[in-house]
Amino acid sequence: MSSLSGKPTDSLMRIFRSLLLLGALLPSALLASESWKAGLARVPITPRRGLWMAGYAARRGPSQGVAQEIYAKALALEDATGQRSVLVTTDLLGFTAALAKQVAERAKARFGLPRDRLLFNSSHTHSGPVVGGMLRIAYSMTDEQAKDVETYTNELADKIVQVIGDALAALAPARLSFGQTEALFAVNRRVPTPDGYVGGVNRSGPVNRSVPILVIDGARGGLRGVVFGYACHNTTIRGDSYLFHGDYAGEAQAWLEHRYPGTVALFVAGCGADSNPHPRGTLLWAREHGTELATAVDKALTGPMTAVRGPLKSRFELLPLAFDNLPDRAELERRLKGDNPYVRLHAQEMLKILDREGRLPVEYPYPLQVWQFGSDLTFIAMAGEVVVDYDLRLKRELGVENLWVAGYSNDVFAYIPSLRVLREGGYEAEGAMIYYGQPSRFAPSVEAAIMQMIREMVRTVRRVRTARPD
Ligand SMILES: [Zn+2]
């Protein structure tokens, strides 16, 4: 009775409101589903013979086998304007500037990809091969072993060019969406002691446990791929292991690809320079942490996600970062007589530069990259081993709702300390510069310079084009 005697205007209003709601939802849903093409590919990059492993100076010989296959993976995106961009992720300690340059030049020649639309990130596994000349001071390789690394690096470049091409060839209509979850195994690793900061477990130190997720679905549904990040050293497995492995990030990717057959899972390392997985030390713990991370991503996939629309705008810049307190010849010669073999080796290398160039480099060209997905997602890729302060500060200060900050991108050549960490001192502030073969620590301006450049880059890629009267 009530439906017949009720006011017909109520039903009409309800239909009208439903249409309004549908109208509000449709444009973004349609845009999201129709504006992208995506392609995914992966290629194994596990060395097929014994090779020196990256990340730990304590290792005394090359690898002795494979515990897990490691990969280079690519996500190619084409937005509605036809612009193509490719994200490359690898189970490696990092890219050198030379490797990134070589691959980028070949990708430009072969696929027409400009540098700003190619983004390299590495998981920072310490159970992968040495790449190029990275951290050479840390490794006691023979000339022959160094030659093997060179051969491998050349083959690696070929494979990365190949995986970029494979992802571009696989471009097909897709929908993108963004979400976040968290995993709890990252812990701050800088412990204050009367003798300064040392490595350990600091439960009250800053850490970022969030897990950003970019989901790639087919135009008609069906998961095709997932990109996920975490800001934590990929160092569950220690230097007493001589088996190749992707560590927790490798385990998490394998878990997701097993759970969703035919998909590609890509891991993006965040600003985890001063975070370690906890506990650590065994392959079993790498598996545990990987499962925790993958399970968190899997649960998030069932929840609400934000549609990510185009176009994809990009910027790539080299910011000169100044070094501080460059050692002079007398200081370097004094260091040659010291007890620490790494400091001695570093001094030798610096003296060679002084002999050759007449001076040490006063700055380093620091790569920064920003990808802006419509007004829905801002992705900042920072080079080097970036401490968590940058990540937390950018999230606080940029006023960007969906922000993803990656470290270990494009060039891994040093730690990038914040002013706080620089003042506190320790391994991330300056100790690691010896192993990385950099002349000295960064100047105190490092944080302000990086923040200013990122702000400027984000502002320009987010600028909305407004019609101007003639
Ligand atoms: Zn590291």
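Guide: A helix axis here is a line fitted to C-alpha atoms over the stretch in contact, and angles between axes run from 0 to 180 degrees. Please also note that this is a predicted model.

Visitor: Okay, at what angle do α9 and α12 pack?

Guide: Helix α9 (residues 388-397) and helix α12 (residues 446-462) pack at an angle of about 45°, and their axes are 12 Å apart.

Visitor: Is their crossing left-handed or right-handed?

Guide: The crossing of α9 and α12 is right-handed.

Visitor: Which residues make the contact?

Guide: From α9 there are Tyr390, Arg393, Leu394 and Glu397, and from α12 there are Val446, Glu447, Ile450, Met451, Ile454 and Arg455. Sorted by class, the contact of α9 with α12 has six nonpolar and four charged residues, with no polar ones.

Visitor: Now α3 and α4: how far apart are their axes?

Guide: The axes of helix α3 (residues 97-111) and helix α4 (residues 143-169) are 10 Å apart, at an angle of about 40°. The two helices are therefore oblique to each other. Their crossing is right-handed.

Visitor: And which residues meet there?

Guide: The α3 side includes Leu99, Val103 and Phe111, while the α4 side includes Leu156, Ile160 and Leu168. By class, the contact of α3 with α4 has ten nonpolar, three polar and three charged residues.

Visitor: New topic. How is the chain divided into domains?

Guide: There are two entries in the assignment: domain 1 covers 32-320 + 366-462, and domain 2 covers 333-357. Taken over C-alpha atoms, their centres are separated by 31 Å. Ten residues from domain 1 and six residues from domain 2 take part in the contact.

Visitor: What's the mean pLDDT of the chain?

Guide: The mean pLDDT of the protein chain is 93, and 91% of its residues reach 70 or more.

How values were computed: Residues are numbered from 1 along each chain as its sequence is written. This is a predicted model: local features need pLDDT of at least 70, side-chain atom pairs count only at pLDDT 80 or more; totals for chains, interfaces and linings use all residues. Side-chain values use heavy atoms; hydrogens and water are left out. Helices (H or I, at least four residues) and strands (E, at least two) are DSSP runs, numbered from the N terminus. Angles under 35 degrees count as roughly parallel, over 145 as roughly antiparallel, 65 to 115 as roughly perpendicular and the rest as oblique. A crossing is left-handed if the near helix is turned anticlockwise from the far one by less than a right angle, and right-handed if clockwise. Contact means heavy atoms within 4.5 Å. Ala, Val, Leu, Ile, Met, Phe, Trp, Tyr, Cys and Pro count as nonpolar, Asp, Glu, Lys and Arg as charged, and the others, Gly among them, as polar. pLDDT is the predictor's confidence in each residue, from 0 to 100. Domain bounds come from an automatic or database domain assignment.
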